[in-house]
Structures are given as C-alpha cells and as structure tokens.
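Welcome! Please take a moment to look over the sequence and the 3D view before reading on.

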Amino acid sequence: MASVETAAEHERILREIESTDTNCIGPTLRSVYDGQEHGLFMEKLDARIRNHDREIEKMCNHHFQGFVDSITELLKVRGEAQKLKSQVIDTNVRLQEDGKSLVGSMEELKKCRVQQRNIATTVDKLTHCLPVLEMYSRLQEQMRAKRYYPALRTLEQLEHTCLPRAGRYRFCTIMSENIPKLRTQIRDTAMTQLRDFLESIRKHSDKIGETAIKQAQLQRSLDSGVTLQPRALIGRRGRKEAAGTESGGHGGSPISEQDAGVLDVEDEEAEEVPGAQDLVDFSPVYRCLHIYSVLGLRDVFENYYRKQRRKQARLVLQPHSNMHETLEGYRRYFNQIVGFFVVEDHVLHTTQGLVNRAYVEELWELALSKIVAALRTHSSYCDDPDLVLDLKNLIVLFADTLQGYGFPVSQLFDMLLEIREQYGEILLKRWNVTFRQILDQDNFSPIPVSTEQEYRQYTSQFPLQDPELEKLPFPKKLPFSEFVPKAYCQIKEFIYACLKYSEDLHLSSTEIDDMIRKSTNLLLTRTLSNCLQYAIKKKNVGLAELVQVIINTTHLEQSCHFLEEFISNITNVPPDTANATKLYGTSTFKDARHAAEAEIYTSLNAKIDQFLQLADYEWMSPAQASGNLATSDYLVDLITFLKSTFSVFTNLPGKVAQTACMSACKHIATSLMQLLLDPEVRQISIGALHQLNVDLKECESFARAGPVAGFQGDTLLLAFSDLRQLLNLFTQWDWSTYLADYGKPTCKYLRVNPHTALALLEKMKETSRKNVVLAQFKKADRDRQKLIDAVIKQLRNLIAQHHA
C-alpha cells in the first residue's frame with residue numbers, strides 16, 4: 001500500500017517538473033529529498049529522461065530529409081544573393097551620388113522650417129508678452145499719476161489674465177513678485193490720502209458748517225412766511241449728480257483724482273452759497289472705498305473710517321473752556337458740529353454702506369447729549385441777555401440747519417425753553433438795575449409840561465386818561481413823576497425782549513402769550529416790587545417822595561389793563577382766552593402803595609418824635625393863671641410842620657391823607673400821655689399840668705381847623721380825647737364826679753383809666769408831700785394832702801373792685 005502511494009507521489013512530482021518553470025522546481029525537489037524514497041525517485045527520473053530521449057530521436061529521424069533539402073536550397077540561393085548584393089551596392093552608390101544635392105536642399109529646407117517654427121513661436125510668445133509689458137507700463141504710469149483705483153484694476157487684469165498667458169519668464173516672475181507689493185503700496189497710499197482727507201475736514205469743518213448754516217439762513221429768508229418743507233434744500237445741490245458721477249453708487253472709478261482737502265471758495269458773498277460737495281473733494285473717500293472693496297477689505301475700511309470719525313466727533317463735541325465768553329465761541333462750536341454732520345450726511349447719500357442711517361443716528365444721539373450738556377453748562381455762566389438772545393438765535397439756526405438734513409432736534413428746542421428761564425432771570429436782573437437807576441434819577445415831583453408837544457410826548461409814553469387835566473391850560477403839571485412813563489416804557493421793553501426770545505421756537509401763540517405773561521408777572525411782582533420797596537425803605541426818603549410814590553403806583557396800577565392789551569396785540573391772543581394768565585400788576589402796585597403809606601405813617605411819627613424830643617417841661621413849675629401860659633415852642637414848630645406836610649397830601653388818593661393825619665394826632669396824644677406817665681418823672685405839679693393843657697388846646701385847635709379834608713365834624717379831636725379828659729379831671733379836680741359815674745356809659749371821664757389816674761395822682765402826691773414838709777403850718781396844703789390820700793385810696797379800691 002505504501003509503495004503504491006509512493007509511486008503516485010513520484011509520478012505527480014515528475015509531472016510537476018515537466019510542466020513547471022525551472023525557476024520554481026526548487027520546492028518540488030526539496031519535497032523529494034525530504035522523503036525517504038529519493039533513490040527510488042532518481043530511478044524513475046532516469047527512466048523518464050530516457051523515454052524523452054527516445055521520443056526526440058524519433059522526431060529527428062522523421063524530419064531529417066526535409067532539413068537536408070532545405071540546406072540544399074539555401075546553398076543555391078546564396079549565389080543569387082551575392083549578385084543582388086552587388087547590384088544593390090551599385091544602385092546605392094549611384095543613389096548617394098545623385099542624392100547629395102537633394103540632401104543639401106533638404107537640409108536647407110529643414111533649417112528654414114526650424115526658423116519658421118521659431119519665428120512663429122517667438123511671435124506667439126511676443127503676442128502674449130507684449131500686453132503684459134504694455135499693461136505693466138500703463139500700471140507704472142498710473143502709479144506715477146497717483147491714479148490708484150485704475151492702477152488696481154490694471155493690476156488685477158495683469159495678474160489674472162495677462163501673466164498666465166505670457167508664460168513662465170523671468171520678467172513675469174519679477175512682475176508676479178511685485179504685484180503684492182504694488183497692491184500694498186496702493187492700499188497704503190489710499191489710506192494715507194484718506195487720513196489726509198480726514199485731517200483736512202477736521203480742520204475745515206468750521207468752514208463747512210459755516211457755509212451750510214449760511215445756506216440754511218438763506219433758505220429761511222427765502223421761505224419766510226412759508227411752512228418749512230420736511231427736508232429743506234441745504235447742502236444737497238447736485239447730490240444726485242454727485243452720487244451718479246462721482247461714485248456711481250459704489251462701483252466705477254471716481255472722476256476726481258485730486259488730493260483730499262477743502263476747496264477754496266473765492267467769492268464768499270456769491271448769491272448761491274456752495275454746498276458741502278462744492279467745498280470738499282470726497283474723491284479720497286470714494287477711491288479708498290473702491291480700492292479696499294477690490295482688495296476684499298471693505299469691512300476693514302468701513303470700521304477704520306467709522307472709528308476715526310467717532311474720534312473726530314468727540315473732539316468736535318468738546319467745547320472750549322471759554323466758549324461762553326463770546327458769541328463767536330458758540331458760533332465756531334456749532335459750525336464744527338454742522339460741518340461734521342454735513343460731511344457724514346453727504347457720505348451717507350453718495351456711498352452705499354460706508355456709513356448707514358443707524359450709524360449716523362447713533363453719532364447724532366451721542367452728539368445731541370453732549371451738545372445739550374455743554375450748552376447748559378456754558379450758558380449758565382452768561383449774564384448778558386443780549387448774548388443769550390444771540391445764542392438762542394444761533395441755536396435755532398443750528399437746529400434748523402441740521403433738521404434740514406433729517407436730524408431730530410426736538411431736544412435742542414426743549415433746552416431752549418430751559419435757557420428761556422435763565423434768560424428771564426438775566427432780564428430781571430438787568431431790569432432791576434434799570435428800575436433802580438430810574439428811581440435814583442427821579443426827582444419824585446410832578447412833571448411840568450409847558451406845550452402841547454411835551455404833553456403828547458408823555459401821553460404817548462404812558463396811557464394817561466384824565467379829561468380834567470387835558471382841559472387845563474398850559475403850563476400844567478402831570479400828576480406823576482418821570483418814573484411812571486419811564487417804568488411803563490421799560491415794562492414794554494421787557495415784554496418785547498421776552499417776545500424776541502420766543503420767536504422761531506415753533507411755539508403756538510397761546511404758549512408765547514403765556515410765557516410772556518408769566519415773565520411779566522415776575523417782573524412786576526418781584527423785580528419792580530423790590531425796587532419800589534427799595535425806594536420806599538431807603539434812608540433820607542422824605543414824606544413828599546413817599547407821597548409821590550403813592551401817586552405813581554396808583555397811575556401804574558390803572559395802566560395794568562393797557563399792558564394786558566399790549567401783550568394781546570403782540571401775541572394775537574385775546575385777553576379773555578380760557579386759561580390765560582392774568583397780570584398781577586394791580587396787586588403789586590397796591591402792595592407798594594400800602595408799603596409807602598405805612599412808611600409815610602412811620603416817617604411822620606418819627607418826625608413827630610424828633611419834635612417831641614425837644615419838649616422840655618418844667619414838671620415842678622408852680623401854678624399860674626392860664627392866661628399867662630404860652631404854647632411850647634416845640635409844639636408850635638410841630639404844628640407848623642404838620643400843616644405844611646398835610647398840604648402836600650392833597651393829591652393823595654383815597655383816605656391816605658385822613659389816615660396819616662389821624663395817625664399823627666394819635667401819636668402826638670400818645671406821646672404826651674407817655675411824657676406824663678414816664679417813670680423817670682416822679683413828681684408833677686399842677687402848674688406842669690396847666691402847661692400841658694395849653695399845649696393840648698393848641699393841638700385841638702389844629703385838629704379843629706381841619707388840616708386834611710374829609711373828616712366829619714370833630715372826628716379828628718377824638719385822637720386827643722383820652723388826654724383831654726385826663727387833664728380836665730386833674731385841672732378841675734372833679735374826682736367826685738369821676739368816682740361817682742365810673743363805669744357808666746354817660747360818664748364825663750369815660751376815657752380816663754383808673755390806673756393812669758392813680759399813677760399821675762401818686763406823682764402829684766409826692767409833690768404835695770414835699771410841699772407839706774416845707775410848709776407844715778399851712779392848713780390848705782395839709783388838707784390837700786389828705787384829699788389826695790383819700791382819692792388814691794378810693795382809686796385803689798375801685799381798681800380792686802374792677803379786677804374782682
């Protein structure tokens with residue numbers, strides 16, 4: 001069984017050797033040597049080799065005759081081949097000889113063909129290279145001419161179109177290497193021009209704003225009386241043309257390639273005020289915008305431009321520390337702001353996306369808050385109403401200018417209303433000085449007029465309506481002093497000043513009327529009232545001056561309704577309009593008149609006190625007959641003074657003269673009573689009472705004579721009734737009647753107070769006691785002393801009963 005398997009394996013190996021490439025029989029032979037039967041395999045291999053040799057031998061024997069025949073045929077052909085070879089050699093020699101000229105011609109033709117090919121190749125290459133060189137030359141020329149936007153376009157065409165077609169030449173490589181440098185150079189140069197432009201408009205924003213404001217002012221003068229359009233034609237002339245020709249929206253090359261800056265305007269007084277685009281060359285902005293857009297850096301450019309403009313906005317909005325000193329400071333501040341926003345507005349409308357409406361509105365909100373804060377601060381330092389009024393007009397023009405560009409300015413008008421309060425306070429201060437100067441210069445005497453012209457002059461200044469005065473012949477006197485027409489004219493001037501500020505604030509007639517009336521009320525109730533009080537209370541003011549003050553205030557009070565009509569006429573608001581503010585002038589002048597009246601009473605009493613200080617009564621004088629006593633000198637002088645004074649009071653309105661006269665008489669009576677009851681006067685004789693009685697009769701004679709008209713009967717004598725009854729009681733020594741009738745309505749001495757009588761009686765008791773000591777042996781003096789003691793006792797009992 002094993003031998004069969006071995007034989008089959010050897011047979012397989014032999015077939016594999018026969019059928020396999022000799023390079024691959026190694027593994028097969030290795031398998032034979034790995035086995036134990038390699039000897040047997042060698043025997044089989046030899047037997048197989050022998051079989052193949054026998055087969056080869058058979059095949060050779062089979063084909064031998066044909067091989068022999070083939071050799072014989074080849075031998076025959078060799079001879080013929082030699083002949084053919086000789087003929088071919090001869091033919092080749094002849095052909096070589098004959099073809100030499102042809103070969104030369106072919107060589108020449110070959111050279112011509114190569115030259116033609118080279119020429120064609122050269123022409124083709126030059127066709128691609130010449131545009132590159134021409135374009136590069138044009139690029140260099142554009143760079144020298146600083147036409148950077150066309151240069152950038154040329155650079156793009158050179159890089160993406162011409163250079164790829166030209167091939168890889170050294171000069172193309174150099175150009176390709178220079179392209180990023182040129183692009184950077186163009187970008188940096190454009191940015192430098194933009195910086196120059198930004199610096200230029202920062203320096204010249206004052207001039208730009210001044211021109212825009214002039215144009216707004218011109219437009220206002222042209223549109224006077226016509227409602228302003230929602231968007232005025234301010235700085236917009238040629239805007240559509242600018243948008244179409246300068247930038248074409250956002251593409252295309254700008255026409256102008258000049259340097260950045262503000263163009264000179266030779267004729268500033270030209271009829272047509274130039275707009276922003278006429279003063280400013282915006283080509284650097286458009287050029288830089290296009291260049292950065294082509295470079296794919298538009299966002300970078302937009303951010304840079306906005307950042308720089310924000311910085312400039314902060315600088316523009318920072319006012320000078322001394323701006324409030326002159327109007328020119330405010331004007332320069334406003335011109336710079338207007339110039340800034342005119343430029344931004346122009347850029348907004350001539351470029352697409354460089355600045356947008358939201359960005360401009362954000363800048364304006366920032367500016368508005370800073371403007372309002374700066375104006376509030378600086379205007380608070382101003383104390384000149386003319387400067388405040390000019391500032392208001394400047395702010396209105398500033399607001400109207402920017403409103404024409406579509407910026408909201410309501411906050412500015414709100415701030416103007418705030419400044420209106422400050423303006424009113426400044427006016428009040430100025431008019432306070434004016435009123436005081438008028439009062440200081442006034443002579444407080446009626447105005448004499450000698451001609452009709454003078455009379456009409458004063459009545460044109462002040463609405464005097466006195467038919468009786470008009471009937472009087474010239475010369476005559478107006479009842480008031482110079483203060484009245486001057487003050488009335490100044491009040492009207494104040495109203496005009498208030499009206500001037502209210503103009504152009506877009507207020508209704510009712511609002512203007514209300515503001516003027518409130519300001520006028522402040523002028524009347526505070527300023528004029530204080531000035532009148534100052535005139536009344538100042539030192540050395542005489543009674544005649546106080547009387548004239550009362551007359552003046554009376555006439556001013558009567559003129560209040562004329563002021564009402566005056567305000568209504570200039571504001572076109574009827575005085576009877578609902579919720580209309582009323583003038584408080586009537587109450588103001590009444591208060592001033594009452595203060596003057598009180599001051600008259602006080603001054604009159606003070607003058608009386610000065611006379612009374614001269615009283616020098618001999619309190620221990622002996623009794624004399626009444627006929628031998630004369631009125632005291634001080635009282636004679638006092639009565640004379642009162643008569644002359646009350647003669648001046650005839651022009652006083654109402655019952656001022658009667659009140660002053662009654663007050664003076666009461667003060668005299670009270671002062672004389674105080675002299676009697678003065679604690680320093682401890683002793684009074686009956687003789688002193690007789691002297692006082694004579695003086696009192698003189699006073700009563702003065703009162704009975706009626707120094708002031710208007711008193712009924714002996715009303716003025718009532719001022720002396722207390723002192724009169726007291727002196728009658730003592731001089732007539734009518735104690736029995738006094739004590740018996742005390743407390744009854746019909747008592748003869750109803751006005752005598754028991755306390756007063758007791759005090760005076762005790763002073764007389766001291767005098768009587770001394771007389772008794774000196775004349776102990778006079779029975780009449782002793783009896784009088786006892787009587788005095790008895791009366792004192794009874795008075796004390798009466799007082800005690802009264803308290804009980």
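What follows is a short tour of a pocket, a surface patch and some salt bridges.

Please keep in mind that this is a predicted model.

**The largest pocket**

Let's begin with the largest pocket, which has a volume of about 290 Å³. Its lining is made up of 14 residues, and those lying nearest the centre are Ile-213, Gln-217, Arg-331, Leu-394 and Leu-397. Sorted by class, the lining of the largest pocket holds six charged, five nonpolar and three polar residues.

**A nonpolar patch on the surface**

Next, look at the surface, where Phe-64, Phe-67, Val-68, Ile-71, Leu-74 and Leu-75 form a nonpolar patch. Together these residues have about 600 Å² of accessible area. Phe-64 belongs to helix 3 (residues 38-144). Is Phe-64 buried or exposed? Phe-64 counts as exposed, because its relative accessible area is 54% and the cut-off for exposed is over 50%.

**Salt bridges**

The model has 23 salt bridges.

| Pair | Closest N and O atoms |
|---|---|
| Arg-526 and Glu-425 | 2.6 Å |
| Asp-514 and Lys-518 | 3.1 Å |
| Lys-748 and Asp-734 | 3.9 Å |

Arg-526 forms a salt bridge with Glu-425. This pair links distant parts of the chain, with Arg-526 in helix 17 (residues 509-537) and Glu-425 in helix 13 (residues 410-441), 101 residues apart. Arg-526 is partly exposed at 33% relative accessibility, and Glu-425 is partly exposed at 32%.

Asp-514 and Lys-518 are four residues apart in helix 17, so about one helical turn separates them. Asp-514 is partly exposed, with a relative accessible area of 22%, and Lys-518 is partly exposed at 48%.

Lys-748 sits in the loop between helix 25 (735-741) and helix 26 (754-774), while Asp-734 sits in the loop between helix 24 (721-732) and helix 25. Lys-748 is partly exposed at 47% relative accessibility, whereas Asp-734 is buried at 15%.

Finally, Glu-11, Arg-15 and Arg-48 are linked in a network of salt bridges.

**One more pair to find**

Val-648 lies in helix 21 (residues 633-648) and is partly exposed, with a relative accessible area of 38%. How many residues apart in sequence are Val-648 and Gln-548? They are 100 residues apart in sequence and 9.6 Å apart in space, C-alpha to C-alpha.

Methods:
Residues numbered from 1 in each chain as written. Predicted model: local features only at pLDDT ≥ 70, side-chain atom pairs only at ≥ 80, totals over all residues. Heavy atoms only, no water. 1 Å grid on protein atoms, 1.4 Å probe; cavity = no way out; pocket = protein on both sides within 12 Å on 5 of 7 lines; lining within 4 Å. Points joined across faces, edges and corners; volume = space filled by probe spheres on them. Nonpolar A, V, L, I, M, F, W, Y, C, P; charged D, E, K, R; others polar. Patch = residues over 30% accessible without salt bridge, like charges linked within 9 Å, V, L, I, M, F, W, Y side chains within 5 Å. Areas by Shrake-Rupley, 256 points an atom, 1.4 Å probe, with all protein chains shown as cover. Salt bridge = Lys/Arg side-chain N within 4 Å of Asp/Glu carboxyl O. Helix = DSSP H or I, 4+ residues; strand = E, 2+ residues; numbered from the N terminus. Buried < 20%, exposed > 50% of the residue type's maximum accessible area, 1.4 Å probe, protein only.
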